[in-house]
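Here's a quick briefing to read alongside the sequence and the 3D view. Take a look at both, then work through the points below.

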Amino acid sequence: MASAIMAATFVACEPKEKPVEDTRNWSEDGGLRAADNLLFGDTIGNGDDEFVFTGIQTLKKGKYLLRGWVYIADGAVLTIEPGTVILGDKDTKAALIVERGGKLYAEGKADAPIVFTSEMPKGQRRPGDWGGLIICGKAENNQTEQQIEGGPRSKHGGNDNADCSGALSYVRVEFAGYPFQTDKEINGITFGSVGSNTKVDHVQVSYSNDDSFEWFGGAVNCNHLIAFHGWDDDFDTDNGFSGHVQYGLSIRNSRLADVSQSNGFESDNCADGASVAPYTTCVFSNMTFIGPKADPSFKNEADYINGGEFFPNNGSSLGRFQSGMQIRRNSRLCCFNSIFAGWPIGMMVDNEKGNCWQAANDGLIQVQNTWIIDADILGSDMNKQYKDQLALDYKEKTFDAEKPSFSSTFFLSQSGNHQASAQEAAYNYVDLTPNNGVGALLLSNGSPLLNAASFSASVLCDFEPVSYVGAFDAANDWTKGWANFDPQNTDY
């Protein structure tokens, strides 16, 4: 935890968030007034794609089957009690969608998380068994109003960056992300223009069949996120997302990578790279990305990435792993005090669409006090090109082989950055097994990573200032009790 001096520095900054406003309809005896029951026995929804919940409901602690697409409509409120398990129906590709003005309060506890998972028995669960969790809000994005990705009817976007869509705390989402259409999959969790008065902390997405977390615009701030064994990208940011995220972990399964090339970060301003505001200006700090090379049996051949026991046979296509972070299409993402270990490519500043190189030179993209460990190459400038060479022409795919990539040059020019081996960083990240959890990710007492952080950048004013880079120090494992690194074999 931060020292007293650091804490004083932290509270001196003007806070970014206001307290979450609780707008639920409470009765005088302290309970919630209920209306329009969304339950059919222990089943949520009726199995079709148009079940719309318009009332106020509390799911008592228990086990429920989610069937079809269930919408929490404008004005509706759903509260889920700690310890509740919601099983996504495979036949109806169930999804829970919070629409603009609706609210979901899923607030578990460290010893009683709320779990959204597959209805399939242990040993038979696969990525994409069900749809996933979608939250839509009224905050800004750079496309004004957007249809949410994945197929649901819902739209997101507005002009209220302080909008509240409820709260997610101590929540797990497992085996979600069904591919309804090519490039239109539901992610593990999708945030569409979600506002800063929404609470998001201690959330794990495991075995998503698309991205683990994706933000389309919005200003929601998040902390303590885990992306575990996802299919495509771990943290995907688009369309003017401006939120702040501190403490995040991703761990890759070396047999699961998407045909589009899987990254830790994938960040766009918009699909065509246009210069439209608000720009994607999200800020991340204290992230740990454990790439596929952390698996001692990892091979770089494409035929090794075959899905293994988790191949869903649902139309999803396998591909290759790419980079710890890919910043492209006019994004202005910033990353501080983080670790990228065991990726084929450390960093990509892709200039094919938009002008990320100019943004980087102008200080609009910042990557500082960050360590790239055991990458095959430090940087690449071009998607699907595994060359640390300066890109010359994106259309012709030509390079200057005598010069390093812009990406690696930029990374090394930034304050506090390091390219290192695991030995040089005193970092043991290869001892990761389902039963071992993340204990191996705690820093050793002699690691230089323990005192390598800096919070001097102005965009870090409202972050918690700690001394270490990455998601963990040498003693505190914030995943204990609520996270699960072997959901395939868990009894629900």
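Is strand β23 (residues 283-290) largely enclosed by the rest of the structure or left exposed, and why? In this predicted model, 8 of the 8 residues of strand β23 are buried, so the strand is largely enclosed by the rest of the structure.

**Strand β23 and its partners**

- Strand β21 (residues 244-251) runs parallel to β23, and 7 bridges join the two.
- If you want to find that pairing on screen, look for Gln-246, which stands opposite Ser-285 in β23.
- Strand β25 (residues 334-336) also pairs with β23 in the parallel sense, over 3 bridges. Here, Val-283 has Cys-334 in β25 as its bridge partner.
- Then there's strand β26 (residues 339-341), which pairs with β23 over 3 bridges, again in the parallel sense. Phe-340 in β26 is the bridge partner of Phe-289.

**The open sheet**

- There's an open sheet of 11 strands with parallel pairing, and its order is β3-β6-β9-β12-β16-β18-β20-β22-β24-β27-β30.
- Its edge strands are β3 (51-53) and β30 (377-380), each of which pairs on one side only.
- From one strand to the next, the twist averages 10°.
- Helix α3 (residues 406-413) lies across β27 (345-349) and β30, and runs at about 100° to β27.

**The nonpolar cores**

- The largest nonpolar core has 76 residues, and those with the most contacts inside it are Leu-104, Leu-168, Phe-213, Trp-215 and Phe-265.
- Helix α2 (residues 356-361) gives this core its largest share, 4 residues.
- Zoom in on Leu-168: beyond its neighbours within four places in sequence, this residue touches a set that includes Leu-104, Ala-106, Ile-135, Phe-191 and Val-203.
- A second, separate core has 42 residues, among them Ile-226, Trp-231, Ala-457 and Val-469.

**His-202, a buried histidine**

- You'll find His-202 in strand β17 (residues 199-206).
- His-202 counts as buried because its relative accessibility is 12%, and the cut-off for buried is under 20%.
- Setting aside neighbours within four places in sequence, His-202 is in contact with Ser-169, Tyr-170, Val-171, Asn-223, His-224, Trp-478 and Trp-482.
- His-202 and Gly-248 are 46 residues apart in sequence, and their C-alpha atoms are 9.3 Å apart in space.

**Asn-314, a buried residue in a loop**

- Asn-314 sits in the loop between β23 and β24 (323-327).
- Is Asn-314 buried or exposed? With a relative accessible area of 18%, Asn-314 is buried.
- The side chain of Asn-314 makes a polar contact of 2.8 Å with the side chain of Asn-209. Another polar contact, of 2.9 Å, links the side chains of Asn-314 and Ser-316.
- Apart from neighbours within four places in sequence, the residues in contact with Asn-314 are Pro-127, Gly-128, Tyr-178, Pro-179 and Asn-209.

Key: Residues numbered from 1 in each chain as written. Predicted model: local features only at pLDDT ≥ 70, side-chain atom pairs only at ≥ 80, totals over all residues. Heavy atoms only, no water. Core = buried A, V, L, I, M, F, W, Y, C linked by side-chain atoms within 4.5 Å. Buried < 20%, exposed > 50% of the residue type's maximum accessible area, 1.4 Å probe, protein only. Contact = heavy atoms within 4.5 Å. Pairing = 2+ DSSP bridges. Axes fitted to C-alpha atoms, helices over the stretch in contact; angles between N-to-C directions. Polar contact = N/O pair within 3.5 Å; in protein donor to acceptor, adjacent residues only side chain to side chain.
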